[in-house]
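Subject: Model for your review

Hello,

Here is the model I promised to pass on. Please open it alongside these notes.

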Amino acid sequence: MVIVGAGLSGVGAAYRLQQQHPERSYTILEARDAIGGTWDLFRYPGVRSDSDMYTLGYPFKPWTSAQMIGSGAEIREYIEQTARENGIDRHIQFGTKVERAEWSSDDQRWTLTVTHQGQQHHVTTSFLYLCSGYYSYDQPYDAQLPGIDAFRGTVVHPQFWPEDLDYRGKKVVVVGSGATAVTVVPAMADGGAAHVTMLQRTPTYLTVLPSEDPIARIVGKRLPPKVADKINRAKSIAGNSLLYQMSRRRPQKVRQLLRGILEKSGVDAKTLDEHFTPSYEPWDQRLCLVPDGDFFRGMKEGKVDVVTDLIDTFVPEGIRLRSGKTLQADIVVTATGLALEIAGGIELSVDGERVDPATRWLYRGLMLSGVPNAAICFGYINASWTLRADLSSKYVCRLLQHMDQHGYGVAMPVAQPDIEQRPMIDLSSGYVSRSAHLLPRAGATGPWRVRNNYALDRATMSVADLTRQMQFTARRHAKAPTPA
């Protein structure tokens, strides 16, 4: 097997493969020079998880800290430690970017064209597992902010944060209102910025949680780590699922609940109405977490403010708004979102025919119709990414076992002609809606349905019929694999 990506998903996939198929060789191809994926890429102030670490962490490696919101550095170390402890780090080839993946039915193998230190090489494998996330590492979303070249100050995108950026004593405007903006605003305010303004086009739902879980602190002192972790995971999964299901079924109740949480954090009614009352329902877009209410503390202290308005144009001294007001700025942070990218931007082809993932159906949430011996790791959007990623990796291991037991060399999902289509990601967030045309198709029923329900997925993925709408081909005598 070749696993693409040495982030949270890729290291987890390698662990599951080693446990279930110790006889099978594998390598991890990582384009960057370090383990961590997202958590190695993003280095902006305050970078942290936007979901609890008891579910973002691996089920096989307890997150032992009572701090349920992990910093970027802590998460990176956690992934690195997992790789070291299990010998996974010895299987990683860093600085190796996969450009193309070409399947040959005659050989029953993938041939990967990879670039390493400026040179192209080829690697062959019988199974390809893409754990490279769902956004471009090289190119963030360009919001085409009007007149930005006229600005005399510094423009920074969180995805490429300069190590030497000194914002102490500076006026900062952060454009955006998603998870990144809600994180970077209080971090820069606490880090010495003179003032930080979050400029949003429309409000986003925010909620407050303590960064340290009091229940986790208690069970962590009284119970063994594995037992404590199971309790913490179960509690987090149940709580997150309940909030999501209530948002779908009783949105008005959840609106009231979220408003009450912000009121308790000291946000007055006028500010709530103007800046924190979205026009959409809860969980139509991703809910943003404010640990320990740090964002609102910054507002109380006068270090942070929120402006809800549209940009007219950038001017040398800052940003002129549609209302006529000008926001003075020394630094502008464009937290305007990610650019979605499927399969890590790798050019896929099957027997010489190029594969466009957007024209293919997604099988069990991880395989593309008509594409043999390949899986793509997609996590949850409405819960921790790792929950579904781990289910996907265990499913891949079940599939490999089934193929070995029956002498199959190829497994390929085959879509039926009458599938009723549904969105793969059922969110109206900007980064999803503007990239919906890039996503694989999901169905309304059967193995083509993409659920956003961990409890149901966990109950069904481990017993799902591996043969349903799956075409198998007997293993042929294969050529010796190319050393990776």
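**Cavities**

The structure holds four cavities of 30 Å³ or more. A cavity here is a set of points on a 1 Å grid over the protein atoms alone, where a 1.4 Å probe fits but cannot get out. Grid points are joined across faces, edges and corners, and a volume is the space filled by probe spheres set on the points. The largest cavity has about 60 Å³ of space. Its lining residues (an atom within 4 Å of a point) are Y134, F378, G379, I381, W385, R388, M424, I425, V450 and N452. By class, seven are nonpolar, two polar and one charged. Nonpolar covers Ala, Val, Leu, Ile, Met, Phe, Trp, Tyr, Cys and Pro; charged covers Asp, Glu, Lys and Arg; the others, Gly among them, are polar.

**Ground rules**

This is a predicted model, in which local features need pLDDT of at least 70, side-chain atom pairs count only at pLDDT 80 or more, and totals for chains, interfaces and linings use all residues. Residues are numbered from 1 along each chain as its sequence is written, and side-chain values use heavy atoms, with hydrogens and water left out.

**Second largest pocket**

A pocket is an open set of points with protein on both sides within 12 Å along at least five of seven lines. Helix α7 (225–249) gives the most, with seven residues. β11 (206–209), α6 (214–222), α8 (251–264) and β12 (288–291) are also among the elements that each supply at least two. Helices (H or I, at least four residues) and strands (E, at least two) are DSSP runs, numbered from the N terminus. The lining of this pocket counts 18 nonpolar, seven polar and five charged residues.

**Strands**

Strands pair if DSSP finds at least two bridges between them. Strand β4 (residues 96–104) runs antiparallel to β5 (residues 109–116), with eight bridges. K97 faces T115 of β5 across this pairing. Four residues lie between the strands in this hairpin, and Q108 takes a positive phi near 55 degrees.

β4 also pairs with β18 (residues 347–350), in the parallel sense, over four bridges. A101 stands opposite L348, and E102 has S349 as its bridge partner. β18 in turn pairs with β19 (residues 353–355), antiparallel, over three bridges. There L348 stands opposite V355. The hairpin of β18 and β19 has two residues between the strands, and D351 takes a positive phi near 50 degrees.

**Cores**

A nonpolar core is a set of buried Ala, Val, Leu, Ile, Met, Phe, Trp, Tyr and Cys residues joined through side-chain atoms within 4.5 Å. Buried means under 20% relative accessible area, exposed over 50%, partly exposed in between (1.4 Å probe, protein chains only). The largest core has 121 residues, of which L112 and F295 touch the most other members. Helix α11 (residues 385–406) supplies its largest share, seven residues. A second, separate core has 13 residues, including V175, I311, I319 and A329.

**M461**

M461 is found in helix α13 (residues 454–461). Is M461 buried or exposed? M461 is buried, because its relative accessible area is 10%. Beyond its neighbours within four places in sequence, M461 is in contact (heavy atoms within 4.5 Å) with R364, L366, L391, S392, Y395 and R398. M461 and S392 are 69 residues apart along the chain, with their C-alpha atoms separated by 8.1 Å.

Best wishes
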